[in-house]
Amino acid sequence: MSEFEDRLKKAIARGASKAESLLSEEQRKRQEAEDHKRLHAKYRLDLTERIESVVKKLIDMFPGFRYHSVFGEAGWGSACTRDDLVIERGVRSNKYSRFELVVKPINEFFVLDLQAKGTIADRELLTRALYQPLGQVDIERFYKAVDDWAIAYAELFATKRG
């Protein structure tokens, strides 16, 4: 066998080896992405149950709020809203209030992302976010955030509505 044929066979073997390792790396990444999706779905389900419970308790404390489920592109969770009629110096107006807790959809960064927004009398007064990589999620920290943010909104609402 000539030197050229020997080098040619080695180059082909190296190429086949690289192709195999690239394929296995691609399969590993696909499997990892599927694992992350399953993990995100599990956390999302756990958190949305907690969120629903907390938002409904908030509604019980402040009659007049209406409960809404949140799902879709914006994420999954719960919200409560109300419109208050305000009459100042004979002028009638409505004041809108809303509290929303949402688990955002999975993204390319593979994080669990929880967000809260609170509006009182047409002013957004509360914005919070907590996120952690899916492999490092401390679910108790997320539960505590849900509770703490709902309590913070309740305190702000009780203060602002006078």
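# Briefing: salt bridges, core and overall form

A search of the whole structure, which is a predicted model, finds nine salt bridges. The protein chain contains two helices and five strands, in the order α-β-β-β-β-β-α along the sequence. Its radius of gyration is 26 Å, whereas a compact globule of 162 residues would have one near 15 Å. The largest nonpolar core holds 31 residues, and helix H2 supplies the largest share of them, ten residues.

**Overall form**

- Along the principal axes, the C-alpha atoms of the protein chain occupy a box of roughly 100 × 30 × 20 Å.
- Of the 162 residues in the protein chain, 31% are buried.
- The protein chain exposes about 10,900 Å², and 52% of this area comes from carbon and sulfur atoms.
- Counting contacts between residues at least 6 apart in sequence, 49% join residues at least 24 apart.

- Side chains of opposite charge can pair when their charged atoms come close.
- Arg 38 and Asp 35 form a salt bridge in which the closest N and O atoms are 2.5 Å apart.
- These two residues, Arg 38 and Asp 35, are three residues apart in helix H1, which means that about one helical turn separates them.
- Asp 35 has a relative accessible area of 36% and is therefore partly exposed.
- A further salt bridge joins Glu 52 to Lys 56, with 2.9 Å between the closest N and O atoms.
- Glu 52 and Lys 56 are four residues apart, about one turn of the helix, and both belong to helix H1.
- Both partners are partly exposed: Glu 52 has a relative accessible area of 32%, and Lys 56 has one of 37%.

- Arg 50 pairs with Asp 147 in a salt bridge whose closest N and O atoms are 2.8 Å apart.
- Because Arg 50 lies in helix H1 and Asp 147 in helix H2, the pair ties together parts that are 97 residues apart in sequence.
- Arg 50 is partly exposed at a relative accessible area of 28%, and Asp 147 is partly exposed at 25%.

**The largest nonpolar core**

- In soluble globular proteins, nonpolar side chains tend to be buried together.
- Within the core of 31 residues, the members that touch the most other members are Leu 47, Phe 99, Leu 101, Leu 112, Leu 114 and Phe 142.
- At least two core residues come from each of helix H1 (3-61), strand S3 (91-103), strand S4 (111-120), strand S5 (123-133) and helix H2 (139-160).
- Leaving aside residues up to four places away in sequence, Leu 47 touches Val 103, Leu 112, Ile 139, Phe 142, Tyr 143 and Val 146.

**A nonpolar patch on the surface**

- Phe 4, Leu 8 and Ile 12 form a nonpolar surface patch, and together they have about 330 Å² of accessible area.
- One of these residues, Ile 12, is found in helix H1.
- Ile 12 has a relative accessible area of 56% and therefore counts as exposed.

**Ala 152 in helix H2**

- Ala 152 is found in helix H2.
- At a relative accessibility of 25%, Ala 152 counts as partly exposed, because that class lies between the buried limit of under 20% and the exposed limit of over 50%.
- Ala 152 and Leu 126 are 26 residues apart in sequence, and their C-alpha atoms are 8.3 Å apart in space.

Technical notes: Residues numbered from 1 in each chain as written. Predicted model: local features only at pLDDT ≥ 70, side-chain atom pairs only at ≥ 80, totals over all residues. Heavy atoms only, no water. Core = buried A, V, L, I, M, F, W, Y, C linked by side-chain atoms within 4.5 Å. Buried < 20%, exposed > 50% of the residue type's maximum accessible area, 1.4 Å probe, protein only. Contact = heavy atoms within 4.5 Å. Patch = residues over 30% accessible without salt bridge, like charges linked within 9 Å, V, L, I, M, F, W, Y side chains within 5 Å. Areas by Shrake-Rupley, 256 points an atom, 1.4 Å probe, with all protein chains shown as cover. Salt bridge = Lys/Arg side-chain N within 4 Å of Asp/Glu carboxyl O. Rg over C-alpha atoms; globule rule 2.2 N^0.38 Å.
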